[in-house]
Amino acid sequence: MATKDFIIEQLKNEIAGFKAEAKKQSVGVVVEVGDGIARVSGLSDALASEMLEFVTASGKKVSGVVFNLEEDNVGAVILGDYTEIKEGDQVNRTEKILSVPVGEGVIGRVVDALGQPIDDKGPIDAKDNYPVEKIAPGVITREGVRQPVQTGIKAIDAMVPIGRGQRELIIGDRQIGKTAIAIDTIISQKGQNMKCVYVAVGQKESKVANIVAKLEEAGAMEYTTVVLAGASDPASLLYIAPYSGTAIAEYFLDKGEDVLVVYDDLSKHAVAYREISLLLRRPPGREAYPGDVFYLHSRLLERACKLNKDFGGGSITALPIIETQAGDLSAYIPTNVISITDGQIFLEGDLFYQGQRPAINAGLSVSRVGSSAQIKAMKKVAGQMRLDAAQYRELAAFAQFGSDLDEETKAKLELGKRLMEILKQDQYATVPVAQQVLIFYALIKGYINDVAVEKVREFEAGLHKYAINNGEAVLKAIDEVKELNEQIEKDVRKLIEDYKETLS
Amino acid sequence: MKISAKQYARGLYEAVQEKKDGEVKGVLKKFIEVLVKNNDFKKAKDVIRNLDKIFREEEGILEAEIVVASPLKKEMVKIVKDYVTDMSGAKKVEVAERVDKSILGGVIIKYEDKIVDGSLKSKLSRLKMNLAK
C-alpha cells in the first residue's frame, strides 16, 4: 500500500518538522464577574479592544473583549455565555483586535455580531478579517454625494432624495413603518448595483425571521447580509453588531462597490451601550447615558462615505433608524443622531392612523444632500413637491374653518389632495423611478385634476400597468437619458393622454 | 481625602526604611493609631497584602511558581531560577515548586502575570492541532 506508507511518511515529516516553542505569555485572573462584565487582574500588556479567552473550570473557552484599561485591572466584556466563568479562572490574551470575517461568502447569509453564521447554510467561506472598529475615511479620500439611491418609495425619492454615501435617519414612534421603509429600500436595490447589509440590534428574532423570509421571497437576499443581535443576546453583542455590519460593508467599499447599511435601531444600541458602561462604572450623564454616546454614534456613521475615483469610488450609504417615545424629537439620542446625519425622514403617528402610509411628515423631513442625488427628470417634476406637500397640510387645516375660498386656494387644495393620494404606497410595492416620473408628471401637468380624489390611486395603478404594457420604450428612455428632454416629454404626454382615452 | 490601602502600605514601608529594628515597633504603633483615627482599620488586611507586594517590588524579589511532572534536582532548580532571573530582570527569585503529574513532562513557569508553558502536555496538544489542520 503505497498510499499508506506515503501518509505515514508525511506524518513523520510533519512531526519531525514541528517545533513547539515555549513562549512568554501574559495571563490574567478573573477577580469579579457578573452581568456580562468581568474584571481581570494581570494582563498588564493587554491592548484596548483586544480579544481575550476565558478558560473555565470545565475547560470550555469563552471569548471576551478588553473594554476598560485601568491602573491595576482590566474591564472586559464577555461575548457569549458568562454563567460558566468563575472568579479565579484564567484569562489568556489572543493578541488580536476584535474582527469579523468578511468576503463574498457573507452575502445572502444571516450572521451574528461576531460574523458567525446563524442560518443553516453551513460555514462561511470568508477570505479576510476586518477589524470591527476602524477610523473613518479622511477628507482627501472623499467626494460629494451625486448618485441617487432609488428607494422605490415615491414620497422619499421625490421629497427627501437619498444619495449614495449619504446618512439619512429614519425616525418615528414604534409601529409606524420605520423598518418597512428600510426593507422596501433594500428590495428595490435589485439590479441597482448595490450590496445591502441589514443590522438588527435588539430586534425580536421572530420579526427578523419574517424580514429574512420576505427578502428571500423578493430575491433580495442575493445581495444582502443580515447581521442579527437579537433581543435575547447579551448587551455586548448588541453593542458590537452595528460596527460588525459596517466592517462587512467596508470590504465591498474597498473593492469600489456601493453598499447600503441599515441600522435597526440605534436607540436600542445606545441602551445596550449604557448598560455596559454603567456596569463598568463609567459615570452616567444625561438620561444615564455615558458621556461618550455621541462619539458612539458619530464614529459609526462617519464610516458612511462616498470615496473618489482615486480611492476606488465606492460608497457606504447609512440608513440609521431611531425610535422616539410619543414623537419626542428632543430626547437625547434623537437629537444626537439628527445632528450627525445628513437629514431625516420623520414618520408621524397621526398621519399613519389617517391612512397616509408611508407616514412621512413632509415639513420635518429633510435631506441635506438634496437634489444632487436625484436624476434630472425627477428634479424637474418633483422640485417643488416637498414645499407643496408641507403647505397643503397647513392650508387644509386652515380651510376647515370656512368654505368660501378664492379660486387659487381651492386649486391648491385640490392638487394637494391628489398629491397626498399619490404619495400613498403599500408596503413591498416599490415603484421604479421612471414610473414615478410618469405619475408625478401627470399630476403637475393637471392630467389628474378631473379624476375624483378617491379614484386617484386606481388611476395611478392603471397608468403604471398601461405604461408597462404599452410604453416600455418611454420608460426605458427615461431610465437611460435620465432627463425629460423635448422628445421624451412629448412621448410621456402622449402616453398619458392615450391612457386617459382608454378610461373614457 | 480618602487614603487607599496601597498608599498606606507605601507610607508605612517608607517610614520603616531608615529606622533601626528597635524603633520599628514604635512606628507600627503610631501607624495603627493613624488607621484607627482615620476610621480605616478595616483596610489593615489590604495594607498587609500591599506591603508584601511593595516590599518585593522595592527589593527586587520575584516570586515564581514552577510546575513540574516530578520533583526537580537541585541543579535543575538553579538552572530554572537563573532562567527566570534573566527573563524578568529581578535581583532575586524565590521559587515555589509544585508537582503535577498531568503535565507529563517539561516545566511551566509562572510569575507576576506572565506564564511560560514548556510542558509536554501543551506541546502535544499543539502538535495535535497542527496535524489536524
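Read from the N terminus on, the elements of chain B run α-α-α-β-α-β-β-β-α. That comes to five helices and four strands. The model is predicted, and the mean pLDDT of chain B is 84. In this chain, 99% of the residues reach 70 or more. For the complex, the predictor gives an ipTM of 0.71 and a pTM of 0.87.

Now look at the outline of chain B. Its C-alpha atoms fill a box of roughly 65 × 35 × 25 Å, taken along the principal axes. The radius of gyration of chain B is 21 Å, whereas a compact globule of 133 residues would have one near 14 Å. How many of its 133 residues count as buried? The share is 15%. Turn next to contacts in chain B with a separation of 6 or more. Of these, 65% are between residues 24 or more positions apart.

Next comes the place where the two chains meet. Here 13 residues of chain A are in contact with 12 residues of chain B. Which elements of chain A give two or more residues to this side? They are α1 (2–17) and β1 (24–34). The strand β1(A) gives the most, with five residues. By class, the side of chain A that touches chain B has six nonpolar, five polar and two charged residues.

Three bridges join β1(A) to strand β4 of chain B, residues 114–119. The two strands run antiparallel.

Last, go inside. The largest nonpolar core has 150 residues. Which of them touch the most other members? They are A:A76, A:I186, A:V199, A:V227, A:V261 and A:V437. Helix α5 of chain A, residues 235–254, gives the most to this core, with 13 residues.

Take A:A76 as an example. Leave out residues up to four places away in sequence, and A:A76 touches A:A38, A:V40, A:L52, A:G64, A:V65, A:V66 and A:F67.

Technical notes: Residues are numbered from 1 along each chain as its sequence is written. Chains are lettered from A and ligands numbered from 1 in the order in which they are written. This is a predicted model: local features need pLDDT of at least 70, side-chain atom pairs count only at pLDDT 80 or more; totals for chains, interfaces and linings use all residues. pLDDT is the predictor's confidence in each residue, from 0 to 100. Two residues are in contact if their C-beta atoms, placed from the backbone, lie within 7 Å. Ala, Val, Leu, Ile, Met, Phe, Trp, Tyr, Cys and Pro count as nonpolar, Asp, Glu, Lys and Arg as charged, and the others, Gly among them, as polar. Two strands pair if DSSP finds at least two bridges between them. The radius of gyration is taken over C-alpha atoms; the globule rule is 2.2 Å times the number of residues to the power 0.38. A residue is buried if 20 or more other C-beta atoms lie within 10 Å of its own, exposed if 12 or fewer, and partly exposed in between; C-beta atoms are placed from the backbone. A nonpolar core is a set of buried Ala, Val, Leu, Ile, Met, Phe, Trp, Tyr and Cys residues joined through C-beta atoms within 7 Å.
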